[in-house]
Amino acid sequence: MARSNIYRMRIAFSDCDPAEIVFFANYFKWFDTASREFFTACGVPSWRDTKAQRGIIGTPLVDVQGKFMNSATYGEDIEIESSVETWNNKSFVMRHVARRGDTVLCEGREVRVFAIQDPENPLRIKAVPIPEDIRAACE
């Protein structure tokens with residue numbers, strides 16, 4: 001079974017649209033936060049530290065999908081369970097499930113890469129092979 005992490009939060013009024021339901025884009029923001037929280041729980045240093053030590057600036061998205069199943073509103077406590085579904089050479093697939101109790105609100109899937117600044121063009125980034133030690137810590 002894949003290692004997972006739970007990120008807990010309370011939905012704020014500002015997270016909702018005029019109908020008082022969570023604005024869909026906030027799930028992607030929360031999944032991004034839950035992704036970093038997963039790596040923190042696995043013992044991976046901050047991206048600031050990995051940049052200083054290895055040149056790795058983080059794990060940017062290259063693809064994202066969401067399936068919205070139930071609505072939520074402000075004041076509700078939710079959990080986002082995150083895990084790595086698949087490890088490839090330079091990319092990996094993260095799965096997120098947002099729940100309010102036993103009710104699944106949204107399922108998300110992200111394809112991410114480990115990246116450095118492109119040495120040939122510092123205005124761009126470049127995917128690099130996934131560091132084995134980070135992968136091992138997260139499995």
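Colleague: What makes β5 and β6 a hairpin, and which residue in the turn has a positive phi?

Modeller: In this predicted model, β5 and β6 form a hairpin with two residues between them, and G101 in the turn has a positive phi of about 65 degrees. The two strands are joined by 10 bridges and run antiparallel, and H96 stands opposite G108 in β6.

Colleague: Which strand does β6 join through a hairpin of two residues, and over how many bridges do β6 and strand β7 pair?

Modeller: A hairpin of two residues joins β6 to β7, and these strands pair in the antiparallel sense over five bridges, with I125 in β7 as the bridge partner of Q117.

Colleague: What makes the span of α1 close to the expected one?

Modeller: Helix α1 has 17 residues and reaches 25 Å from its first C-alpha to its last, whereas 24 Å is expected at 1.5 Å a residue.

Colleague: Which residues of α1 are buried?

Modeller: Among them are W30, F38 and F39, each having under 20% relative accessible area, which is why the word buried applies. F38 and F39 are also among the residues that touch the most other members of the largest nonpolar core, while W30 belongs to a second, separate core of 14 residues.

Methods: Residues are numbered from 1 along each chain as its sequence is written. This is a predicted model: local features need pLDDT of at least 70, side-chain atom pairs count only at pLDDT 80 or more; totals for chains, interfaces and linings use all residues. Side-chain values use heavy atoms; hydrogens and water are left out. A nonpolar core is a set of buried Ala, Val, Leu, Ile, Met, Phe, Trp, Tyr and Cys residues joined through side-chain atoms within 4.5 Å. Buried means under 20% relative accessible area, exposed over 50%, partly exposed in between (1.4 Å probe, protein chains only). Helices (H or I, at least four residues) and strands (E, at least two) are DSSP runs, numbered from the N terminus. The expected span of a helix is 1.5 Å times one less than its number of residues. Two strands pair if DSSP finds at least two bridges between them.
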